[in-house]
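This briefing covers the overall build of one protein and a feature of its surface. Please look over the sequence and the structure before reading on.

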Amino acid sequence: MKRNIKKIYILIAISFIIFYIGIFLAPYTAYLGEHSDIFRLISIYIYTIYSPICHQLPQRSFFIFGHKMAVCARCFGIYTGILLGIFIYPFIKNLNDFKVPNKIYLIVALTPMAIDGTTQLIGLRESFNELRFITGFIAGFVVIFYILPIFLKILSKYLE
């Protein structure tokens, strides 16, 4: 059982790394696509894959290689937090422990992002990409400690 949990954890980590790399591949292939139709088509395909999970608005996105990333600054923060959380998780918590932390930590971690998003949505102020990234990062880092134990528990039952 313990060995299966490690394999599942590694599979989840590798899968998420591939997903995360795609965030950078979209602008890189768009950059290469400035002189190559095949790379232009690849970049369009990658942006399309990420479009259902993010609005991809240019004014709310970071740019690299002269092109916007595949996700906005807030989503990039969330996914960066998740990635760091996945790597740190086994040093903080036993992979075989499927208990999730107290809900208050999740509420506290999501509050800055909720305040930032809501106050912008209702027009009280305009947020900026660095703040979007930071609030997303906090949320993503903490949320993995609630999601990963559930994934590990469910997937471990199928591999018993």
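Does Ile 154 count as buried, partly exposed or exposed, and why? The model is predicted. Ile 154 has a relative accessibility of 43%. Buried means under 20% and exposed means over 50%, with partly exposed in between, so Ile 154 counts as partly exposed at its 43%.

**Surroundings of Ile 154**
- Ile 154 lies in helix α5, which covers residues 129–158.
- A nonpolar surface patch includes Ile 154 along with Val 100, Ile 147, Ile 150, Phe 151, Leu 155, Tyr 158 and Leu 159.
- Together, the residues of this patch have about 760 Å² of accessible area.

**Fold and dimensions**
- The protein has five helices and two strands.
- Read from the N terminus, the order of these elements is α-α-β-β-α-α-α.
- The C-alpha trace spans about 50 × 45 × 25 Å along its principal axes.
- Among contacts in the protein with a separation of 6 or more, 70% come from residues 24 or more positions apart.

**Burial and surface**
- The protein has 160 residues, and 41% of them count as buried.

**Charge**
- The protein carries 15 positive and 7 negative charges.
- The mean position of the positive charges and that of the negative charges are 13 Å apart.

Conventions: Residues are numbered from 1 along each chain as its sequence is written. This is a predicted model: local features need pLDDT of at least 70, side-chain atom pairs count only at pLDDT 80 or more; totals for chains, interfaces and linings use all residues. Side-chain values use heavy atoms; hydrogens and water are left out. Patches are made of residues with over 30% relative accessible area and no salt bridge: like charges are joined within 9 Å, nonpolar side chains (Val, Leu, Ile, Met, Phe, Trp, Tyr) within 5 Å. Accessible areas come from the Shrake-Rupley method with a 1.4 Å probe; for residues, only the protein chains shown count as cover. A salt bridge is a side-chain nitrogen of Lys or Arg within 4 Å of a carboxyl oxygen of Asp or Glu. Helices (H or I, at least four residues) and strands (E, at least two) are DSSP runs, numbered from the N terminus. Buried means under 20% relative accessible area, exposed over 50%, partly exposed in between (1.4 Å probe, protein chains only). Contact means heavy atoms within 4.5 Å. Lys and Arg count as positive and Asp and Glu as negative; His and the chain ends are not counted. The place of a charge is taken as NZ of Lys, CZ of Arg, CG of Asp or CD of Glu.
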